[in-house]
Amino acid sequence: MTAEVAQMHAAPAAARRMAGAAERFLAALSTEQRAVAQFPFAGDERYVWNYTPVDREGLRLKEMTSEQRAAALALFDSGLSVRGAKEV
């Protein structure tokens with residue numbers, strides 16, 4: 001099996017892994033926190049990417065409990081390869 005074909009077969013598993021991590025993260029938040037953390041998919045916020053410090057919308061890690069932070073970081077890690085997670 002070529003690497004490209006292997007990646008195609010892995011994509012649905014990765015999407016399920018990320019969706020599960022997102023559900024666990026949202027379940028860890030209070031109703032108020034969820035309202036701050038979630039944005040509509042059709043909205044413009046998903047296009048706002050900056051690699052430098054700027055004011056951002058959303059729920060900050062420092063505003064979360066340690067359990068919530070762990071769930072947020074698990075969601076982040078679910079979208080990365082093992083190598084990628086080690087590098088960030």
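User: Of the contacts in the chain between residues at least 6 apart in sequence, how many join residues at least 24 apart?
Analyst: The share is 53% of the contacts between residues at least 6 apart in sequence, where contact means heavy atoms within 4.5 Å. This is a predicted model, in which local features need pLDDT of at least 70 and side-chain atom pairs count only at pLDDT 80 or more, while totals for chains, interfaces and linings use all residues. Residues are numbered from 1 along each chain as its sequence is written, and side-chain values use heavy atoms, with hydrogens and water left out.

User: OK, and what does the secondary structure come to?
Analyst: The chain has four helices and zero strands, and its elements run α-α-α-α from the N terminus on; helices (H or I, at least four residues) and strands (E, at least two) are DSSP runs, numbered from the N terminus.

User: How much of the chain is buried?
Analyst: Buried residues make up 17% of the 88 residues, with buried meaning under 20% relative accessible area, exposed over 50% and partly exposed in between (1.4 Å probe, protein chains only).

User: Which residues touch leucine 29, and where is it found?
Analyst: Leucine 29 is found in the loop between H1 and helix H2 (31–37), and leaving aside neighbours within four places in sequence, it is in contact with Arg34, Ala37, Leu59 and Gln68.

User: Is leucine 29 buried or exposed?
Analyst: Leucine 29 counts as buried because its relative accessibility is 5%. Its C-alpha lies 10.0 Å from that of alanine 72, which is 43 residues away in sequence.

User: What about serine 78, what does it touch?
Analyst: Serine 78, in helix H3, touches Arg17, Met18 and Ala21 when residues up to four places away in sequence are not counted. With a relative accessibility of 7%, serine 78 is also counted as buried.

User: Arg17 came up there; which residues does arginine 24 touch?
Analyst: Arginine 24 touches Arg17 and Ala71, again without residues up to four places away in sequence. Arginine 24 sits in helix H1 (residues 3–28) and counts as exposed because its relative accessible area is 56%. Between arginine 24 and alanine 74 there are 50 residues in sequence and 9.2 Å in space, C-alpha to C-alpha.

User: Switching to the surface, which residues make the nonpolar patch?
Analyst: Leu61, Leu73 and Phe76 make a nonpolar surface patch of about 280 Å². Of these, leucine 73 belongs to helix H3 (residues 66–78) and is partly exposed at a relative accessible area of 44%, while phenylalanine 76 lies in helix H3 and is partly exposed at 46% relative accessibility. Patch residues have over 30% relative accessible area and no salt bridge, with like charges joined within 9 Å and nonpolar side chains (Val, Leu, Ile, Met, Phe, Trp, Tyr) within 5 Å; a salt bridge puts a side-chain nitrogen of Lys or Arg within 4 Å of a carboxyl oxygen of Asp or Glu.

User: And how far is phenylalanine 76 from alanine 21?
Analyst: The two are 8.5 Å apart, C-alpha to C-alpha, and 55 residues apart in sequence.

User: Last one: which arginine lies over the face of phenylalanine 41?
Analyst: Arginine 46 does, at 3.9 Å from the ring centre; a charge sits over a ring if NZ of Lys or CZ of Arg is within 6 Å of the ring centre and within 35 degrees of the ring normal.

How values were computed
Areas by Shrake-Rupley, 256 points an atom, 1.4 Å probe, with all protein chains shown as cover.
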